[in-house]
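The sequence and structure are shown first.

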Amino acid sequence: MIVITAPTGNIGSHLLSRLLRSAPAEEGLRVVVRDPARLPDEVRERVEVITGSHGDPEVVNRAFVGADAVFWLVPPDSSLTPEAAYSGFTRPAAQALAAHGVGHVVGVSALGRGTPVADRAGLVTASLAMDDLIASAGVAHRALACPSFFENLLEEADSIREDGVFTDLVDANRKAPMVAVADIAAAAAALLLDRSWTGAGSVPVLGPRDLSPADLARIMTEQLGRPVRYERQSYDDLYSALVGHGLDAAFVQGIVDMKRAKDDGLDAGVPRTDESSSPTTFEQWCVQVLKPAVLT
């Protein structure tokens, strides 16, 4: 039995679809979802559904009964502090993992462990602490150590369409790994179906190559057939904008600290190898995902 949290999110929906295609017939699939109506009808017919939040002790205790493996993803809650959004949300699950003797957990986390900026990286620091909490439950644990997602650019589809502009806080020429969420889901599926691994550790998922904002602008210009440029935003402007939208001030500071740490090399601590490089290129992603979002 594999339990999948956040099955309607970007990563979880890719993962669930992949497992429904590739899991052996004897492998049960159970999902934890707040609103089962968000699952396609054909999916609901093939999985066991636990309704509720996976931050709820009663829900995770029901979900983990008889579970062999769990896919753990925390949807960050911007109304909370980073610690509450990650470790606070995860604490009931860690207790339930131990209580029900779950053997394996695959979680979505971040790059940065072991780097000089890991302890001042805002949301990433909170995510790494969450990994330690899960591992303390006595399970075999693999944290998928991820860089920024290509999909983050979908938040700027309107700006790209209307003004030909996207923003971030890092230097225009700072190259760093980036990854498609489908590749993260593929890495999670492989670990969940294998389960021959033991102990606690991380699995980097780095995308095929490092890219700078300048690279992204050039590739988007080529693939969209219209000029796209990068504008570097200031930390103060981002902080003010997000607080102005009603986000918790501590959570916003966590975002700013994460962005600052990325500009200081947070994502550069893992050497790229064939094993850590995932296949989807930014060019492919632009054609398959960004172009329909921007041009339709």
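The expected span of a helix is 1.5 Å times one less than its number of residues. In this predicted model, helix α11 has 14 residues, and a straight helix of that length would span 20 Å, but the end C-alpha atoms of α11 are only 17 Å apart. α11 bends by about 40 degrees at Val 289, and Pro 292 follows within four residues.

Two packed helices are described by the angle between their axes and the distance between the axes. For α8 (residues 213-224) and α11 (residues 282-295), the angle is about 65 degrees and the axes are 10 Å apart. Their crossing is right-handed. On the α8 side the contact is made by Leu 216, Ile 219, Met 220, Gln 223 and Leu 224, while residues of α11 including Phe 282, Cys 286, Leu 290 and Val 294 make it on the other. The contact residues comprise 10 nonpolar, one polar and two charged.

Phe 282, Trp 285, Cys 286, Leu 290 and Val 294 of α11 are buried. Among the elements covering the buried residues of α11 are α6 (157-163), β11 (210-211) and α8.

Most residues other than glycine have a negative phi.

| Residue | Phi | Loop |
|---|---|---|
| Ala 6 | about 50 degrees | between β1 (2-5) and α1 (10-22) |

Is Ala 6 buried or exposed? Ala 6 is buried, because its relative accessible area is 17%, and buried means under 20%.

Terms used: Residues numbered from 1 in each chain as written. Predicted model: local features only at pLDDT ≥ 70, side-chain atom pairs only at ≥ 80, totals over all residues. Heavy atoms only, no water. Axes fitted to C-alpha atoms, helices over the stretch in contact; angles between N-to-C directions. Helix = DSSP H or I, 4+ residues; strand = E, 2+ residues; numbered from the N terminus. Left-handed = near helix turned anticlockwise from the far one by under 90°. Contact = heavy atoms within 4.5 Å. Nonpolar A, V, L, I, M, F, W, Y, C, P; charged D, E, K, R; others polar. Bend = angle between axes of the 7 residues up to and from the residue. Buried < 20%, exposed > 50% of the residue type's maximum accessible area, 1.4 Å probe, protein only.
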